[in-house]
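Let's take a walk through this protein model together.

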Amino acid sequence: MNTSFFTSSVHISILFVLVVLCPFQGFSQQSPAKYGRLFPELKDENHESHAFELGELNGPMDEQNEAQKTNSVPLGMVFLGQYIDHDLAHDFSSDFHRQNSPDSITNFATPYFDLEGLYAKGPERFSELYKEDGIRLLTGKDEPFYSKERESLKKFDILRDSRGIGILGSALNDENVVVSQLHLKFIEFHNAIADVLEYELSSYLADAPLTEMENFIQKNGLSVSARRVTQWHYQWIIIHEFLPMIIGEPMARELLIHGRQFYKPETLPPYLPVEFSAAAYRFGHSIVSDRLYLQDPQYVYDLFGRNLGSGFTALGDSARIVQWDHFFALNSTPVQLANKVDTKIVSSLLNLPFRIVRDSVNSLATRNLMRGESFNLPSGQQVRERLGISDTINSKVDEFLNKDEFKELPPEFSTHTPLWFYILAESEIIGRMDKNGSKPGEGLGPTGARIVGEVMIGLIEEDPNSYLNQMKNWKPFLGKNGDFTVKDLIQFTNQKVSN
């Protein structure tokens, strides 16, 4: 299933269909990936459905223009989370209108953080994405179809065909202008890495173990090396920036040092747990803002308006060029912040446009709850008991779940709470655990953090081609002091593109 950090679309390009339906001969893939259960002994098959009561407009989850902002999560992390989601999972066979067995569903994506939406299956099989050298990737600058009026916009867009349809490994990365331009940033970053490895190795790697890296390049060739090093910087961002911001730095450090307790797949490729994909990682729906700006704060766009949410079209207006300092902390420019992780969702996600859902259920919250039911996900209470969460935390969450606003729901709601909703409630009341204590609404509480952290770090550790397996002590040679962030990626890429 599409883990749907943000939202999904039914628009799928021909190229994307070819990518996902081809036999798995990918960089990291050995056989078709499947879904599975993190806690196979836990199911909640007998509870009543709360999907429509919770997810309706003006219901308990409706934000109703009263969104609370985080203090620490820039809005750009919402779109990075969406991009990560697209990299991890594609499911075209499950259906939330019926019961699904996770191990019978194929994941039409490599379950690794390998930027498959960028590279597809490589230049040999998808030369449409690559320049003639078979190393660098094509961008909008390389296409001949832009009119003279739009010629100056090409460098801000991905590669497109004559109809304006994006040519990329995953069509989902073209579903709105922010994520498509983030995709472009990763393309430009890959191309810049290729330049570094080919032309500027000695100057950029002055403080790195040159012999080790040079041997790696000699062994794997420039094409694979550029791809791997790009993937490794991306994996570093996930482990050292994205995850600590979402699950807390102490949890991220614990998992890296002491290892995982629950997610221990026994085969490759690893399965993707439905507790993660159908519940925990969908926390992102809570932090989405339905109004945001791309450049000037005076010009605010609706999430699903024509200028931002239509997607799958060529960039036709300079006002739609994303200025990244409004999404990530690049300089002193004020940064838009994500909404808090809580049980509230912006109204526009509870009333999705027809072009997004194309069925009778247009509340994303209802869809999430129905999907959880379709997999018989365990309740939040079952999972927290399995994880050994403290009674102090549990009592605070239980008190919240017995609030008056939930009294109209069946009594069992407070004792058999749907896992997705429980994780949001725990995040609202407890939140991200930092070294100075808990930060309600700033990230995931203990249950959600444990699931998301174990699975995401586990997928990198299980990937035979990740830096944790290929070069365990590898450090980014870009960035500062052995660290690398989204800010470094954007600034480095901007510098290289402007030269």
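Two residues are said to be in contact when heavy atoms of theirs lie within 4.5 Å. Helices (H or I, at least four residues) and strands (E, at least two) are DSSP runs, numbered from the N terminus. This is a predicted model, in which local features need pLDDT of at least 70, side-chain atom pairs count only at pLDDT 80 or more, and totals for chains, interfaces and linings use all residues. Residues are numbered from 1 along each chain as its sequence is written, and side-chain values use heavy atoms, with hydrogens and water left out.

Of its 499 residues, 62% are buried; here buried means under 20% relative accessible area, exposed means over 50%, and partly exposed is in between (1.4 Å probe, protein chains only). If you take the contacts between residues at least 6 apart in sequence, 77% of them join residues at least 24 apart.

Now look inside. A nonpolar core is a set of buried Ala, Val, Leu, Ile, Met, Phe, Trp, Tyr and Cys residues joined through side-chain atoms within 4.5 Å. The largest one here has 138 residues, and Ile-247, Phe-327 and Met-456 touch the most other members. Helix H7 (residues 210-247) gives this core its largest share, 16 residues. Pick out Ile-247 and, leaving aside neighbours within four places in sequence, you will find it in contact with Ala-252, Leu-255, Arg-432, Met-433, Leu-444, Ala-449, Val-452 and Gly-453. There is also a second, separate core of five residues, with Tyr-146, Ala-314, Leu-315 and Ile-321 among them.

In H3 (residues 76-88), 13 of 13 residues are buried. The end C-alpha atoms of H3 are 19 Å apart, which agrees with the 18 Å that its 13 residues should span at 1.5 Å a residue; the expected span is 1.5 Å times one less than the number of residues. Helix H12 (residues 364-374) has ten of its eleven residues buried, including Arg-367, Asn-368 and Arg-371. Just after H12, Asn-376 takes a positive phi of about 50°.

Next, see how helices meet. Axes are lines fitted to C-alpha atoms, for helices over the stretch in contact, and angles run from 0 to 180 degrees between N-to-C directions. The axes of helix H13 (residues 380-387) and helix H16 (residues 446-462) come within 10 Å and cross at roughly 70°. That makes H13 roughly perpendicular to H16, a label for angles of 65 to 115 degrees; under 35 counts as roughly parallel, over 145 as roughly antiparallel and the rest as oblique. Val-383, Arg-384 and Leu-387 of H13 meet Thr-447, Arg-450 and Ile-451 of H16. 

H14 (391-401) and H15 (419-429) also have axes that come within 10 Å, crossing at roughly 110°, and are therefore roughly perpendicular to each other. Among the residues making this contact are Val-397, Phe-400 and Leu-401 of H14 and Phe-421, Tyr-422 and Ala-425 of H15.

Which residues does Phe-406 touch, not counting those up to four places away in sequence? This residue is found in the loop between H14 and H15, and its partners are Pro-60, Phe-400, Leu-401, Phe-413 and Phe-421. Phe-406 counts as buried because its relative accessibility is 4%. Although Phe-406 and Glu-53 are 353 residues apart in sequence, their C-alpha atoms are 9.6 Å apart in space.

Finally, visit some backbone details in the loops. Most residues other than glycine have a negative phi, and most peptide bonds are trans. Asn-65, in the loop between helix H2 (51-55) and strand E2 (69-74), has a positive phi near 60° and is exposed at 75% relative accessibility. Ala-120, in the loop between H4 and H5, also has a positive phi, near 55°, but is buried, with a relative accessible area of 8%. The peptide bond from Leu-268 to Pro-269 is cis, with omega near -5°, and Pro-269 has its place in the loop between helix H8 (249-258) and strand E4 (272-273).
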